[in-house]
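Q: I'm new to this one. Can you put it up and walk me through it?

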Amino acid sequence: MPQIDSQKKRVKTNNKAHKIIVSRKSATKTAIKKVLAAVEANDKEAAVAAYNVCSSKLDQAVAKGVFHKNYASRQKSRLQTAINNMNK
C-alpha cells in the first residue's frame, strides 16, 4: 500500500477508471454477441438493429480510448459480412 497521500489518491482514481473501462468493454462485447445471435437465428431485421447499436458502442469505445480503432473497424467489418452472408 502506498504511504504518500497523492499515491493513495492515484490508487483510488485508477481503480475508478478501471471499472469504467471494464464496463465499456463488457457492454461492447455483449452488443457484438447480440448481433451474432441474431445472425445465428437468421433474423435480418434484428441483426441490422443490433449492428447499429453495436457500431455506435464500438465508435464510442474507440473515442474513449478503450479499444484501438483497428479493432473496432475489424469487428464492424466482420459483423457486416456475417449479416450480408445470412441469406446465402
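Q: Which side chains meet in a salt bridge, and at what N to O distance?
A: K76 and D59 do, at 2.8 Å from N to O. A salt bridge here is a side-chain nitrogen of Lys or Arg within 4 Å of a carboxyl oxygen of Asp or Glu.

Q: Where do K76 and D59 sit in the chain?
A: K76 is in helix α3 and D59 is in helix α2. They are 17 residues apart, so the pair links distant parts of the chain.

Q: How many salt bridges does the structure hold?
A: One.

Q: Is D59 buried, exposed or partly exposed?
A: Partly exposed, because its relative accessibility is 39%. The cut-offs: buried is under 20% relative accessible area, exposed is over 50%, and partly exposed is in between (1.4 Å probe, protein chains only).

Q: What kind of model is this?
A: A predicted one: local features need pLDDT of at least 70, side-chain atom pairs count only at pLDDT 80 or more, and totals for chains, interfaces and linings use all residues. Residues are numbered from 1 along each chain as its sequence is written, and side-chain values use heavy atoms, with hydrogens and water left out.

Q: OK, the fold. How many helices and strands are there?
A: Three helices and zero strands. Along the sequence the pattern reads α-α-α. Both kinds of element are DSSP runs, numbered from the N terminus: helices are H or I with at least four residues, strands are E with at least two.

Q: What about the overall dimensions?
A: The C-alpha atoms fill a box of roughly 65 × 20 × 15 Å along the principal axes. The radius of gyration is 18 Å, whereas a compact globule of 88 residues would have one near 12 Å. That radius is taken over C-alpha atoms, and the globule rule is 2.2 Å times the number of residues to the power 0.38.

Q: How far does α1 reach?
A: It spans 53 Å from its first C-alpha to its last, with 36 residues. That is close to the 52 Å expected at 1.5 Å a residue. The expected span is 1.5 Å times one less than the number of residues.

Q: Which residues of α1 are buried?
A: T28, A31, I32, V35, A38 and V39. Their cover includes α2 and α3. S26 is also in α1, but S26 is partly exposed, with a relative accessible area of 40%.

Q: Which residues have the most contacts inside the largest nonpolar core?
A: V35, V39, A47, C54, L79 and I83, in a core of 14 residues. α1 (5–40), α2 (44–63) and α3 (69–84) each give two or more residues to this core. A nonpolar core is a set of buried Ala, Val, Leu, Ile, Met, Phe, Trp, Tyr and Cys residues joined through side-chain atoms within 4.5 Å.

Q: And what is V39 in contact with?
A: Leaving aside neighbours within four places in sequence, V39 is in contact with A47, A82, I83 and M86. Contact means heavy atoms within 4.5 Å.

Q: How much of the protein is buried overall?
A: Buried residues make up 23% of the 88.

Q: Last one. What stands out about the phi of N42?
A: It is positive, about 65°, although N42 is not a glycine. N42 lies in the loop between α1 and α2. Its relative accessible area is 49%, so N42 is partly exposed.
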